[in-house]
Amino acid sequence: MRTKDMRRSMAALAALTLAGACTATGIEVHGDQRGPVHVDVTDTPSGTPKEGGDAIGGERSGEDADGDRGGDSDGKGRRGQTPPPRASPSPTPTPAVAPTVLWAKGDEGLDVRELQARLRQIAWLFVGPTGTYDDLTVQAVRGFQGKRGLPRTGKTDSVTWARLLAMTREPGKWDLYAYGGQPAASPDPRCLTGRVLCISKTSRTLRWMVDGRTLTTVEVRFGSEYTPTREGLFHVYFKSRDHWSTLYDTPMPYAMFFSGGQAVHYSADFAARGYYGASHGCVNVRDKAAIAQLFAQVRNGDKVVVYW
């Protein structure tokens, strides 16, 4: 009986070996008990594994369907280790774009006035605005840029301008023309005949007009809300070249009085502070040479028109 059993086992092993090119361990028979049989099956007749590992369902062993190593559903490797993350491709660096230069030395206009007015607000400029991008403006812009880590070019580019806008308020009209330079308003109809000091509160200018023709235009300053300059039609009734105000204890050179104690005269304070100050009701002129010529031409009895 044992001989039959052994023959059957050997026949079965031989069939498996011929059909699948398998290797098998021997069978130990001890009495009626049989030892375990280990069969190593390969998918090639030669018994040599395919390149890349054992074939399992068309995938290489140790990889999942997407080709990732590890095979386990929890994303860990065969030994419980998390595979290193895939390196993402480095983005293509965007070339730096130089900021646009908005204004530079030599430029003129209202935009330059606004730039200068904003620089004055944060104490980088102490004169003007003049409306001309001059050397003082270049120095002020360069200092502002250096303080904030920007390239010290002295030119106002888009980045510099954005920083300045964020730090300052929008200038008012008389911030833009703190030291004059504003265009004169159209003359009042009462100024179109005769000899007239035509004074506009709207544009803060004085026109010296003769028979409707403007001979001289100067910037002027008026009184504050507590000491306003009176409006209306007046006449020059008194001139005093080296006048001194006993009421305010201050000089009033080239004074031409037209209404009580109010006069057109030169003001050193207006020349120094511009529209950051005010008079006590008089019409201040800051151009000393211009008012000296004006004083020589104006006569007692000439009209004075103060209007909005």
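S259 has Q262 of β15 as its bridge partner. Keep in mind that this is a predicted model, where local features need pLDDT of at least 70, side-chain atom pairs count only at pLDDT 80 or more, and totals for chains, interfaces and linings use all residues. Residues are numbered from 1 along each chain as its sequence is written, and side-chain values use heavy atoms, with hydrogens and water left out.

A word on terms: helices (H or I, at least four residues) and strands (E, at least two) are DSSP runs, numbered from the N terminus, and two strands pair if DSSP finds at least two bridges between them.

Now zoom out to the whole sheet. It is open, has nine strands with mixed pairing, and reads β12-β17-β9-β10-β11-β16-β15-β14-β13 in order. At the edges sit β12 (232–235) and β13 (238–245), each pairing on one side only. From one strand to the next, the twist averages 30°. Helix α7 (residues 288–297) packs on this sheet, touching β9 (195–200), β10 (205–210), β11 (213–221), β13, β14, β15 and β16 (283–285). Contact here means heavy atoms within 4.5 Å. The direction of α7 makes about 45° with that of β14; axes are lines fitted to C-alpha atoms, for helices over the stretch in contact, and angles run from 0 to 180 degrees between N-to-C directions.

Further along the order, β10 and β11 run antiparallel and are joined by six bridges. M209 has T214 of β11 as its bridge partner. The two strands make a hairpin with two residues between them, and D211 in the turn has a positive phi of about 55°. On to the next pair: β11 and β16 run antiparallel too, joined by two bridges, and R221 stands opposite N284 in β16.

Next, a pair of helices. Helix α3 (residues 135–147) packs against helix α4 (residues 158–167) at an angle of about 85°, with their axes 11 Å apart. The two are therefore roughly perpendicular to each other, the term used for 65 to 115 degrees. V141, F144 and Q145 of α3 meet T160, R163, L164 and M167 of α4. By class, that contact has four nonpolar, two polar and one charged residues. Here Ala, Val, Leu, Ile, Met, Phe, Trp, Tyr, Cys and Pro count as nonpolar, Asp, Glu, Lys and Arg as charged, and the others, Gly among them, as polar.

Finally, the pockets. On a 1 Å grid over the protein atoms alone, a pocket is an open set of points where a 1.4 Å probe fits, with protein on both sides within 12 Å along at least five of seven lines, and lining residues have an atom within 4 Å of a point. Grid points are joined across faces, edges and corners, and a volume is the space filled by probe spheres set on the points.

The largest pocket has a volume of about 440 Å³. It is lined by 23 residues, with Y248, T250, M252, H265 and H280 closest to its centre. Strand β14 gives the largest share of that lining, five residues. The second largest pocket has a volume of about 190 Å³. Among its 14 lining residues, K201, R204, F222, G223 and W308 lie nearest its centre.

Definitions and conventions: Angles under 35 degrees count as roughly parallel, over 145 as roughly antiparallel, 65 to 115 as roughly perpendicular and the rest as oblique.
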